[in-house]
Amino acid sequence: MRDTRFTFCDTGHSAPGPCGSAGLWRGGWVGILRLSHVDVTVTDLDLAVAYYTEVIGMVLTERTAGSAYLKCWDEADHHSLRLTYAPRTGFGLMSFKVEHSDDLSDLENAVARYGFPVQRVSQGDSVGQGESVRFETPSGHTMELVHDVRKLGSALPRLNPRPYLFRPGGAGGDGADGVPPGIAPPRMDHLLVTAEEVGEATQFYSDVLGFRVTEQLIDGQGHQVGTWLERSHSPHDLAVVAGPNGGLHHFAYWLDDWDHVRDAADILAYNGISVDVGPTRHGITRGSTIYFFDPLGTRNEVFTGGYRPDPDFPMITWTEDNAGRAIFYYEGELNDRFMKVHT
Ligand SMILES: [Fe+2]
């Protein structure tokens with residue numbers, strides 16, 4: 001009989017942490033818009049750039065001696081992924097974009113009141129973006145908030161654009177839009193991180209930073225072992241599951257529909273990419289998905305569908321005995337690799 005207990009690693013289940021934030025300022029109005037970029041380390045920068053440009057189909061926007069900056073074709077900002085050479089594959093930071101420059105100081109103060117030190121990063125110290133604030137979260141992740149990111153524009157004009165790109169060899173065009181090869185997702189969507197104390201981390205992200213919890217997975221004692229949080233009226237911009245502090249389970253690209261997910265599966269198979277799970281569908285978020293690994297070991301996802309939660313969206317709860325269907329609705333069970341491999 002398969003052990004269906006829900007844990008993303010060997011460290012056991014999380015429990016709500018002693019946040020002590022009751023009475024702290026609640027951040028419901030703060031201005032986090034969405035994920036700005038994901039920062040990962042790679043052991044072979046040339047190989048990583050080749051994969052993310054030719055198989056994923058991101059656009060390389062800038063390269064320095066040790067880093068590469070990439071964006072998706074429908075993203076206007078300078079980068080949504082930063083790859084940096086390092087001796088081991090790992091997770092650098094998660095950067096979220098705020099709506100107004102004043103949000104930086106408001107959120108800096110909120111994090112400081114929570115008791116965590118905040119570092120200001122000056123304009124010019126990070127390629128492609130202006131001033132930002134960085135801090136450690138209770139889940140052991142480095143988080144960055146930024147307002148000003150250099151605009152490069154997307155592949156389509158802002159005046160009377162077509163609603164699609166001409167794909168090389170595809171109907172309606174000859175590749176004149178410069179569509180990237182490969183999957184060519186229009187944008188980055190979300191990321192999922194691991195935390196020893198999911199409840200404590202969730203309380204920080206929601207109470208201090210203003211994320212709204214759309215769904216939670218609870219164990220038999222009622223403790224949160226997974227939470228899905230949003231700022232952009234999507235099912236999740238950030239998710240937290242039980243696991244070691246500081247871990248990255250995956251980051252995900254948005255695709256427009258199920259046909260694009262099927263095309264992505266074809267492209268992954270053609271390129272010999274290691275597929276972890278899918279194509280399949282989530283119970284949580286209701287999205288359609290494929291999980292796979294880049295050549296250096298970081299898990300990627302392509303994702304589409306789901307619902308549109310307004311700020312008054314009533315949170316959905318899943319119980320641990322339904323964890324299989326919650327994560328992979330068709331299969332109804334979780335595999336060991338999906339649960340234990342992270343960076
Ligand atoms: Fe995901």
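Modeller: A term first: donors are N, O and S atoms within 2.8 Å of the metal (3.2 Å for Na, K and Ca), and water is not among the atoms, so sites may look incomplete. With that rule, the donor residues of the iron ion are spaced H-x59-H-x50-E in sequence. This is a predicted model, in which local features need pLDDT of at least 70 and side-chain atom pairs count only at pLDDT 80 or more, while totals for chains, interfaces and linings use all residues. Residues are numbered from 1 along each chain as its sequence is written, and side-chain values use heavy atoms, with hydrogens and water left out.

Biologist: Which residues are the protein donors of the iron ion?

Modeller: They are H190 (NE2), H250 (NE2) and E301 (OE), and they lie 2.0 to 2.1 Å from the iron ion. H190 belongs to strand β9 (residues 187-195) and E301 to strand β16, so this pair ties together parts that are 111 residues apart in sequence. Strands (E, at least two residues) and helices (H or I, at least four) are DSSP runs, numbered from the N terminus.

Biologist: Is H190 buried or exposed?

Modeller: H190 is buried, with a relative accessible area of 1%, and E301 is buried at 1% as well. Buried means under 20% relative accessible area, exposed over 50%, and partly exposed in between, with a 1.4 Å probe and protein chains only. As for β16, six of its seven residues are buried.

Biologist: What does β16 pair with?

Modeller: Two strands pair if DSSP finds at least two bridges between them. β16 pairs with strand β13 (residues 247-254) in the parallel sense over four bridges, and E301 is the bridge partner of A252. With β15, the pairing is antiparallel over seven bridges; there T289 stands opposite F303. β15 and β16 form a hairpin with five residues between them, and G297 in the turn has a positive phi of about 105 degrees.

Biologist: What is the strand order in the open sheet?

Modeller: The nine strands run β14-β15-β16-β13-β9-β12-β11-β10-β17, with mixed pairing. β14 (275-281) and β17 (316-319) stand at the edges with a single partner strand each, so one side of each has no neighbour in the sheet. Neighbouring strands are turned by 20 degrees against each other on average, direction ignored. Axes here are lines fitted to C-alpha atoms, for helices over the stretch in contact, and angles run from 0 to 180 degrees between N-to-C directions.

Biologist: Which strands does helix α4 lie across?

Modeller: Helix α4 (residues 258-270) lies across β14, β15 and β16 (299-305), at about 15 degrees to β15. Contact means heavy atoms within 4.5 Å.

Biologist: Changing topic, how many aromatic pairs are there?

Modeller: Rings of Phe, Tyr and Trp (its six-membered ring) pair if their centres lie within 6.5 Å; planes under 30 degrees apart count as stacked, over 60 as edge-to-face and the rest as tilted. By this rule the count is 15. Among them, Y51 and Y52 are edge-to-face, 4.7 Å centre to centre with 85 degrees between the planes. Y51 is buried at 2% relative accessible area, and Y52 is buried at 0%.

Biologist: Which residues do ring pairs link into a cluster?

Modeller: The cluster consists of F96, Y114, F116, F135, F204, Y205 and F211.
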